[in-house]
Amino acid sequence: MLVALLAAVCLAPLLAGCRRPAAKMFGFSPATAAAEAALEARFLSLPRSDALQRQHAVFAGSPHIAGSDQDYRLMIHTRDAFQAAGLDAVEVTTHDVLLSWPQEVTIEMTAPTYRRATMHEEPVRGDPDTAIDPAIAGMPFHAYSASGDVTAPVVDAGAGAPGDYDALLRRGVTIRGRIALVRSAGPYSYRGHVVHTAEQRGAAAVLLFSDPDSERPDGGRAYPDGPWGPRSRIQRGSVAYDFIVPGDPLTPGWASTAGARRISPRDAPSLPRILSAPLSYPDAKAMLDAEHPVARVRVRIDTRVRPVWTVTGLIRGSEEPDDMVIAGNHRDAWVFGGVDPSGGSAALVELARTLGALKQTGWRPRRSILLASWDAEEHALISSTEWAEERATRLSRDAVAYINVDSGVSGTAFAATAVPALNRVISEAAEAVRQPGSRGSIAAAAADRRAAERGAARPDAYGGLVGNRISGGSDVSVFLNHLGIPVADLALTGPYGVYHSLYDTRAWMNRFGDPGFKGHVALVQVWGVLLLRLANAEAWPLDYEAYADALDGFEREMGRHQPYVLAERAATDALRDAVVRFRLATATFARVRDAAIEAGDRAAMLRLNRRVAAVERALIDPGGLAGRPWFRHLVYAPSFSYAPEVLPGVAEAISAQDVERVAGEARRLAAALDRATRALGTDAL
């Protein structure tokens with residue numbers, strides 16, 4: 001084993017410790033850092049709250065489900081805004097994909113008494129959007145539910161997890177042929193996993209509800225008096241099995257371009273085979289309170305192939321134009337999408353305007369910056385997946401990183417998740433932006449918040465600002481999980497109890513999410529500074545020492561599980577040794593890179609950039625994960641519930657209690673880490 005060697009090297013004066021204090025501006029030589037600071041100061045003065053409010057009013061002004069007329073109009077609005085900003089090569093890419101729209105969703109309790117679910121969210125005072133005609137708002141439904149008509153006994157299935165069904169069986173209650181009544185385990189627990197689990201157990205249908213009373217903290221008030229969901233709230237959403245393969249269900253794993261092969265819906269691995277629908281809490285409670293309830297569920301879904309539209313705009317780089325930093329947000333919403341995603345959509349258009357204003361002064365980034373407005377994310381991460389699959393070769397060669405904003409702003413707490421290589425540059429970007437309502441930076445405010453949660457004083461450094469457990473369910477997936485491109489997701493968060501409901505409106509945002517839109521300004525500033533640093537740094541600001549630290553922790557976490565302990569010792573030792581070799585290589589690489597940065601050695605930095613570009617790609621295995629080969633990254637994948645899963649091949653083998661498979665996955669991961677080590681090329685340094 002190499003652990004002792006690692007300890008010795010860490011103590012060596014040559015490396016002066018495995019972790020060094022961060023430089024002020026990672027990736028920039030002393031000669032270029034001052035110019036970058038001046039550029040960023042100009043940029044930081046440009047985002048405007050009034051411009052963001054106007055854009056938010058446009059995006060959140062009407063319901064705009066993917067593929068709808070209003071979604072199309074907002075695509076045109078975004079395209080025109082990109083063009084007005086002076087972006088280069090503004091393009092609209094159309095993909096024809098299977099979309100799911102509701103025709104009928106009827107839920108009736110037929111015994112012991114009759115009750116028909118309202119399937120309607122009550123208007124609230126002071127918010128005219130919530131009084132919209134239900135025909136315009138669209139009926140609550142689950143995208144990609146099967147169609148059918150089922151009458152069966154209703155079973156309280158808890159949170160719909162496998163353990164809930166096991167507990168029912170121990171009591172002699174089966175879900176087979178019955179209707180599972182399931183409460184959402186949290187605002188972001190994925191309903192598709194609930195339906196998939198029920199389907200595997202033989203359920204005839206699933207009814208999924210949220211309990212607003214239990215979701216809000218003690219003293220929390222429901223909208224319109226507070227940010228939490230009213231009792232009539234209904235959580236819409238997709239139930240596609242995009243944790244198996246995202247994107248257009250009829251082109252799983254390849255782009256839905258003109259003339260592309262399409263499979264039959266009955267063969268699509270991401271489509272459920274059972275009925276499902278959302279339900280309000282009062283209607284669900286009537287069933288929970290009834291003795292031996294029976295329900296009839298009728299669902300008719302229109303699943304036609306329809307167009308969706310991706311809008312992209314480029315700022316072409318001046319020196320390394322083929323290399324590209326990408327920023328994106330999805331545009332489609334279940335209803336108004338005041339937070340999810342209209343806040344992020346407004347931020348994207350304002351980001352285009354402000355970067356365009358810099359460009360109009362004659363500035364261009366060193367590398368290209370591409371802005372993207374995605375479509376049909378809510379259905380199954382569709383347009384980002386299809387767009388990237390169509391351009392997989394170029395993206396694998398040229399993409400530096402993808403930076404996503406989804407919901408954008410629902411409060412004041414900065415939240416970022418990313419691959420560890422981006423920790424440092426995100427933290428430095430957050431340090432450059434002022435926290436709304438404070439004299440300190442966003443990074444300092446986040447550190448203070450974490451310290452208060454732990455009951456400890458704030459540390460001097462801002463370590464831990466970025467979370468390194470990346471969940472599924474957003475447009476980062478194709479870039480990281482399929483192509484091996486470093487990704488991050490940014491937001492300012494707060495109490496948000498109206499997720500995927502009628503109540504996610506402009507008024508909610510103005511009252512609770514971000515009064516005055518100062519948080520949106522800060523989000524654009526962090527997003528923009530991060531893009532500028534990724535695009536302008538002479539050395540790509542990717543820190544794989546942090547990645548090695550995270551991998552060490554992930555591997556130790558696996559080592560606490562019995563199947564890992566019982567696996568072939570040679571395989572688990574090989575994985576530990578591969579982690580150590582990677583750590584040693586990243587330390588050597590960082591030392592050489594930092595010396596080149598300090599010396600301003602452009603030729604050396606260009607050579608090192610090509611090496612660091614290959615590291616994340618090396619963690620891709622062409623064979624993919626067992627049972628879901630589209631997911632090819634061996635360090636990150638979403639679990640079926642969208643919870644973040646690290647070292648997914650090993651983790652899933654552990655969950656299956658398959659000791660032999662654990663050993664095989666450990667060897668496969670070790671091989672990927674050794675590819676990443678070779679990509680750094682430290683033997684030749």
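**Exercise 1. Strand β9**

Solution. 
Step 1. The model used here is a predicted one.
Step 2. Look across the pair. L208 stands opposite P278 in β9.
Step 3. Sort the side chains of β9. L275, A277 and L279 point one way, while S276 and P278 point the other way. In a regular strand, side chains alternate between the two faces of the sheet.
Step 4. Check burial. Buried means under 20% relative accessible area.

**Exercise 2. Helices α21 and α24**

Task: Work out how helix α21 is oriented relative to helix α24, and which residues meet.

Solution. 
Step 1. Take the geometry. Helix α21 (residues 569–599) packs against helix α24 (residues 659–680) at an angle of about 15 degrees. Their axes are 8 Å apart.
Step 2. Apply the cut-off. Angles under 35 degrees count as roughly parallel. Therefore α21 and α24 are roughly parallel to each other.
Step 3. The crossing of α21 past α24 is left-handed.
Step 4. List partners. The α21 side includes A571, L575, F582 and F589, and the α24 side includes A663, L669, L673 and L680.
Step 5. Classify the contact residues of α21 with α24. They divide into 15 nonpolar, two polar and three charged.

**Exercise 3. Helices α2 and α18**

Task: Say how α2 and α18 are oriented to each other, and describe their contact.

Solution. 
Step 1. The axes of helix α2 (residues 30–44) and helix α18 (residues 518–536) come within 10 Å. They cross at roughly 150 degrees.
Step 2. Angles over 145 degrees count as roughly antiparallel. Therefore α2 and α18 are roughly antiparallel to each other.
Step 3. The crossing of α2 and α18 is right-handed.
Step 4. From α2, the contact uses E36, L39, E40, F43 and L44. From α18, it uses V524, Q525, G528, V529, L532, R533 and N536.
Step 5. The contact residues of α2 with α18 divide into six nonpolar, three polar and three charged.

**Exercise 4. Residue D96**

Solution. 
Step 1. D96 has a relative accessible area of 37%, so it is partly exposed.

Note on methods:
Residues numbered from 1 in each chain as written. Predicted model: local features only at pLDDT ≥ 70, side-chain atom pairs only at ≥ 80, totals over all residues. Heavy atoms only, no water. Buried < 20%, exposed > 50% of the residue type's maximum accessible area, 1.4 Å probe, protein only. Helix = DSSP H or I, 4+ residues; strand = E, 2+ residues; numbered from the N terminus. Pairing = 2+ DSSP bridges. Axes fitted to C-alpha atoms, helices over the stretch in contact; angles between N-to-C directions. Parallel < 35°, antiparallel > 145°, perpendicular 65-115°, else oblique. Left-handed = near helix turned anticlockwise from the far one by under 90°. Contact = heavy atoms within 4.5 Å. Nonpolar A, V, L, I, M, F, W, Y, C, P; charged D, E, K, R; others polar.
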